[in-house]
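Here is a short tour of one model, written for someone who likes to know the cut-offs. Have the sequence and the 3D view open as you read.

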Amino acid sequence: MRVLVIGAGALGGYYGARLVRAGGDVTFLVRAGRAEQLQRNGLQVVSPHGDFAVQPKVILANDLKEAFDVVLVGVKSYSLDDAMAQFAPAVGANTVILPILNGLKHVDALTARFGASSVLGGFANVSAGLDADGRVVQFMANQTIVFGEIEGALSERVLALETLLHVPGIDVRASESIMQDMWEKFVQLSTLAGITCLMRASIGDILTVPKGEESIFRLFAECCAVATASGFEPRAPFIEFDRKLFTTPDSPLKASMLRDIERGSITEAEHILGDMANRARALGIDTPLLDLARAHVAAYEIGRQRAAS
């Protein structure tokens with residue numbers, strides 16, 4: 001399978017590099033500056049599983065003329081519209097688009113542009129970012145991709161894609177209930193992003209302050225209520241996993257949204273916190289802590305835009 005990875009940031013860079021290292025036919029659609037950097041230094045990954053570098057094939061949007069078998073979309077949500085316009089020439093009649101963005105809103109955007117039959121559901125569980133030198137830095141050991149047909153069932157193309165992605169450094173799982181899985185990830189991320197951005201601290205630090213653990217689980221309960229009212233009640237194993245995740249002493253875990261704030265960058269707040277809050281309003285669910293977290297990051301964005309201008 002010929003794979004086009006959209007961008008070479010934290011998500012696309014990590015998973016794309018793993019595929020290249022395993023011998024996959026992978027091309028990265030990048031901007032000119034990133035292309036020059038990759039050609040000069042290679043695509044470097046700093047990982048708890050061992051550092052490595054690959055020399056990737058890159059292409060610019062103006063040079064993209066032919067269809068690929070798989071388009072792996074791992075850009076930030078605020079870049080999706082531009083990305084769709086750029087990779088549209090790569091989408092043919094049999095192309096499979098696998099988005100691993102955070103949240104849910106992007107699925108509607110992709111299906112509206114390319115048709116429901118071309119788009120899978122999916123998400124990634126990897127804690128990673130780019131450093132000042134353009135290296136992909138993996139902060140924690142998790143490295144999972146979960147995906148499947150939005151309507152369920154394990155289709156031939158999903159099973160073929162599972163085989164393709166089954167390489168060292170990627171823990172891959174094909175799902176027969178991807179929307180349930182995505183909703184649970186949405187709950188987890190909204191809780192993590194909401195509480196760590198609101199407190200400007202890691203989970204471990206939040207647990208040490210008065211009412212810290214209580215605040216985490218108040219927000220978690222709000223997000224679970226939205227998922228349940230939407231028809232995707234979080235399952236018991238997910239609840240148990242997140243309870244352990246959010247009560248681990250000294251945990252350095254923080255959302256990538258907070259890392260964006262710490263370096264003064266744009267965030268995905270409206271795509272994550274805003275979308276969850278809007279869904280809550282539409283369902284008549286009260287989410288005071290979620291609303292406060294959303295407002296907090298929105299105020300940050302106003303200040304960031306003012307400083308930039």
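## A serine in a strand

Leaving aside its neighbours within four places in sequence, which residues is Ser 127 in contact with? They are Val 137, Gln 138, Phe 139, Met 140, Asn 142 and Arg 259, where contact means heavy atoms within 4.5 Å. Ser 127 belongs to strand β8, residues 121-130; helices (H or I, at least four residues) and strands (E, at least two) are DSSP runs, numbered from the N terminus. Ser 127 counts as buried because its relative accessibility is 12%; buried means under 20% relative accessible area, exposed over 50%, and partly exposed in between (1.4 Å probe, protein chains only).

A word on the ground rules: this is a predicted model, in which local features need pLDDT of at least 70 and side-chain atom pairs count only at pLDDT 80 or more, while totals for chains, interfaces and linings use all residues. Residues are numbered from 1 along each chain as its sequence is written, and side-chain values use heavy atoms, with hydrogens and water left out.

## Helix α11

Now to a helix that will come up again. After α11 comes Gly 284, with a positive phi near 75°.

Among the buried residues of α11 are His 271, Ile 272, Leu 273, Asp 275 and Met 276. The packing partners of its buried residues are α4 (105-114), α6 (178-199), α8 (212-229), α10 (256-262) and α12 (288-308).

## Two nonpolar cores

A nonpolar core here is a set of buried Ala, Val, Leu, Ile, Met, Phe, Trp, Tyr and Cys residues joined through side-chain atoms within 4.5 Å. The largest one has 46 residues, and Val 187, Met 257, Leu 273, Met 276 and Val 297 have the most contacts inside it. Two or more residues each come from α6, α7 (203-206), α8, α10, α11 and α12, with α6 giving the largest share, twelve residues.

Not counting residues up to four places away in sequence, Val 187 touches Phe 220, Cys 223, Cys 224, Ala 227, Phe 238 and Met 276. A second, separate core has 37 residues, including Ala 8, Ala 17, Leu 43 and Ile 100.

On a 1 Å grid over the protein atoms alone, a cavity is a set of points where a 1.4 Å probe fits but cannot get out, and a pocket is an open set with protein on both sides within 12 Å along at least five of seven lines; lining residues have an atom within 4 Å of a point. Grid points are joined across faces, edges and corners, and a volume is the space filled by probe spheres set on the points.

There are four cavities of 30 Å³ or more. The largest cavity holds about 40 Å³, and its lining is Asn 102, Leu 189, Ala 255, Ser 256, Met 257, Glu 268 and Ile 272. The second largest pocket has a volume of about 280 Å³. Of its 15 lining residues, Ser 77, Tyr 78, Lys 105, Glu 270 and His 271 lie nearest its centre.
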